[in-house]
Amino acid sequence: MLTKFWNWFWSPTSKYSWGAIFVVGGIAGIIFWGGFNTAMEQSNSLSFCANACHEMTDFVLPEYQQSIHYTNAQGVRAICADCHVPKEWGPKVIRKIKATGELWGKITGSINTREKFEAKREQLALKVWLEMKENDSQECRNCHSYEAMDWHAQSLVAQRDMQKAMKEGKTCIDCHKGIAHTLPKGYESDSPVYQEDLAKLRKS
């Protein structure tokens, strides 16, 4: 049985043996897979995100560079992909596919000026907040968890608020909107307006 399979595996077609076809195909597949993953990881880098378009460089990057996620006492930096791209391979690919829709916004110039960007800031923020609320702020939890927190190292206010949030089953984005980017003008994290807008977005 094994001998028969081995003979078939290496038996020639009109030009090549099946073995050669499988070996060459396998090598080609590995090269493609490696190139695909390399390109995807490159698109996750801070340099790529920051320089991909002037909308990021001029509007979003300066806000992020003023945040605690960029510079902090611990010297731990969370880059764009840490907050906006899932770690798991499947969800990561899905997120990358969705991101191609942002290319249409770039082509049409929907946020290519400061005025246009500010006019759409609320809509853009709401979409991200809704995603984070629905996945229990998974990207935040890749680094943060209630179980790993040293309550005594926190201020009394932080201890109170974090323990209250844990007991109430709140997710990170419920309290930490605007942690890396400026909130939409006149917007408050827990305002009724936010709740109404979120409900509208869910229905759309």
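Me: What makes W129, M132, K133 and S137 count as residues that I173 touches?

Reply: Contact means heavy atoms within 4.5 Å. In this predicted model, I173 touches W129, M132, K133 and S137, leaving aside residues up to four places away in sequence.

Me: Okay, back to S137. Why is S137 called buried?

Reply: Buried means under 20% relative accessible area. S137 has a relative accessible area of 0%, so S137 is buried. You'll find S137 in the loop between α8 and α9.

Me: And D136, why is that one called partly exposed?

Reply: Partly exposed is what lies between the buried cut-off of 20% and the exposed cut-off of 50%. D136 comes in at 37%, so it's partly exposed. Its place is in the loop between α8 (114-134) and α9 (138-141).

Me: Let's move to α6 and α7. How do you know whether α6 and α7 are roughly parallel or roughly antiparallel?

Reply: Check the angle. Under 35 degrees counts as roughly parallel, over 145 as roughly antiparallel. Helix α6 (residues 89-99) and helix α7 (residues 101-108) pack at about 20°, with axes 4 Å apart. So α6 and α7 are roughly parallel to each other.

Me: Which residues make that contact?

Reply: From α6 you have R95, I97, K98 and A99, and from α7 there are G101, E102 and L103. They divide into three nonpolar, one polar and three charged.

Me: Last bit, the whole chain. How many helices and strands does the chain have?

Reply: Twelve helices and zero strands. Buried residues make up 28% of the 204 residues. The accessible surface comes to about 14,100 Å², and 64% of that belongs to carbon and sulfur atoms. As for contacts between residues at least 6 apart in sequence, 58% join residues at least 24 apart.

Conventions. Residues numbered from 1 in each chain as written. Predicted model: local features only at pLDDT ≥ 70, side-chain atom pairs only at ≥ 80, totals over all residues. Heavy atoms only, no water. Helix = DSSP H or I, 4+ residues; strand = E, 2+ residues; numbered from the N terminus. Buried < 20%, exposed > 50% of the residue type's maximum accessible area, 1.4 Å probe, protein only. Areas by Shrake-Rupley, 256 points an atom, 1.4 Å probe, with all protein chains shown as cover. Axes fitted to C-alpha atoms, helices over the stretch in contact; angles between N-to-C directions. Parallel < 35°, antiparallel > 145°, perpendicular 65-115°, else oblique. Nonpolar A, V, L, I, M, F, W, Y, C, P; charged D, E, K, R; others polar.
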